[in-house]
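Keep the viewer open as you read.

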Amino acid sequence: MNKKGLFITFEGVEGAGKTTLIKKLVAFFTEKQRDVFLTREPGGSELGKKLRSIILNADEKICPSAELFLFLADRSQHVEECIKPALKAGKIVLCDRFIDSTIAYQGYGRGMDIAQLTNFNTVATGGLEPHLTFLLDLLPERGLKRAKERNIEQNLTIDEGRFEAEALQFHQKIREGFLALAEQKKRFFIVNAEQDAEQVFCIAKQYLEENFLL
Ligand code: Z5A
């Protein structure tokens, strides 16, 4: 791989193991002396941090279109302020959720028009697409259980519960949405997230080494 920026995104249902994989990849890239920029949506920029606390708060009454535009506002600022400069500086950008989450959650989950959402995404990103997207595929009931156990273990209060509060059927639609996207877009690589975290990391690492010449 040359020293041009590389943009990698991570998608999947809640609790699929994105954060866990990203942490392992940060260590892997750092060992290779590559400059990594770790970020997430929502909440990657300063404005985004404020938006995140509004968007994910289940007590805040937000209609589906307002929810969508909050995610898009977060993304617009994030791309301009954080992602584009990091790529320009030749960094490896690891982003926890990006455009595909909008299609899966607001499109497949909330039932909004996918073609329209795709156009909105293009406005928010200026057409920027990831080079690679890891889809951690897991049954939503498994992911939700993992996330719940993590919250108990780490004594985390659930003040970001807007989507956790949704029925299992909603989360099943999200998984279907991600799988449909992965069939359409070449940049996706699906990893079976049922495997233990180390195996998930080894598969992701091997794919990177084979396809991005690290
Ligand atoms: N959203 C949207 O609707 N539209 C949009 O455009 C965007 C987002 C960008 C953000 O949630 C929410 O916003 C998200 C979509 C919506 N809602 N949901 N649901 P978030 O950022 O707060 O959280 P999240 O993205 O859903 O992920 P998470 O709960 O943080 O999960 P994770 O990062 O994928 O998993 P983890 O923290 O790495 O792992 C969870 C636990 O499982 C933890 O205890 C790990 O130690 C354990 N784990 C991890 N991997 C494994 C394996 N392989 N085996 C066993 N246990 C494991």
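Helices and strands here are DSSP runs, numbered from the N terminus: a helix is H or I over at least four residues, a strand is E over at least two. What you have is a predicted model, in which local features need pLDDT of at least 70, side-chain atom pairs count only at pLDDT 80 or more, and totals for chains, interfaces and linings use all residues. Residues are numbered from 1 along each chain as its sequence is written, and side-chain values use heavy atoms, with hydrogens and water left out.

Start with the sheet. It is open and built from 5 strands in the order β2-β3-β1-β4-β5, with parallel pairing; two strands pair if DSSP finds at least two bridges between them. At the edges sit β2 (36-40) and β5 (188-192), each pairing on one side only. On average, neighbouring strands are turned by 20° against each other, direction ignored; axes are lines fitted to C-alpha atoms, for helices over the stretch in contact, and angles run from 0 to 180 degrees between N-to-C directions.

Now look at β1 (residues 6-12) and β4 (residues 132-137), which run parallel and are joined by 5 bridges. Within that pair, Gly12 stands opposite Leu136 of β4. Helix α7 (residues 168-184) packs on the sheet and touches β1, β4 and β5, its direction making about 140° with that of β4. Contact, by the way, means heavy atoms within 4.5 Å.

Next, the ligand. Which residues come nearest to it? Among the 26 residues around the ligand, they are Thr19, Thr20, Arg52, Arg97 and Thr102, where a residue counts as near if one of its heavy atoms lies within 4 Å. For polar contacts, the cut-off is a pair of N or O atoms within 3.5 Å. A polar side-chain atom of Thr19 is 2.4 Å from an oxygen atom of the ligand, and a polar side-chain atom of Arg150 is 2.7 Å from a ligand oxygen. On its own the ligand has 1,100 Å² of accessible area, and the protein covers 85% of that (areas come from the Shrake-Rupley method with a 1.4 Å probe).

Which elements give two or more residues to this shell? They are α1 (18-31), α3 (64-88), α4 (99-109) and α6 (140-153), and α4 provides the largest share, 4 residues. By type, the shell divides into 8 nonpolar, 8 polar and 10 charged residues. Here Ala, Val, Leu, Ile, Met, Phe, Trp, Tyr, Cys and Pro count as nonpolar, Asp, Glu, Lys and Arg as charged, and the others, Gly among them, as polar.

Most residues other than glycine have a negative phi, and most peptide bonds are trans. The bond from Glu41 to Pro42 is cis, with omega near -10°, and Pro42 belongs to the loop between β2 and α2 (46-55). Gln33, in the loop between α1 and β2, has a positive phi of about 60° although it is not a glycine.

Finally, Leu70 in helix α3 touches Leu51, Ile54, Ile55 and Ile62, not counting residues up to four places away in sequence.

How values were computed. A polar contact is a pair of N or O atoms within 3.5 Å; within protein, one must be able to donate a hydrogen and the other to accept it, and residues adjacent in sequence count only if both atoms are side-chain atoms.
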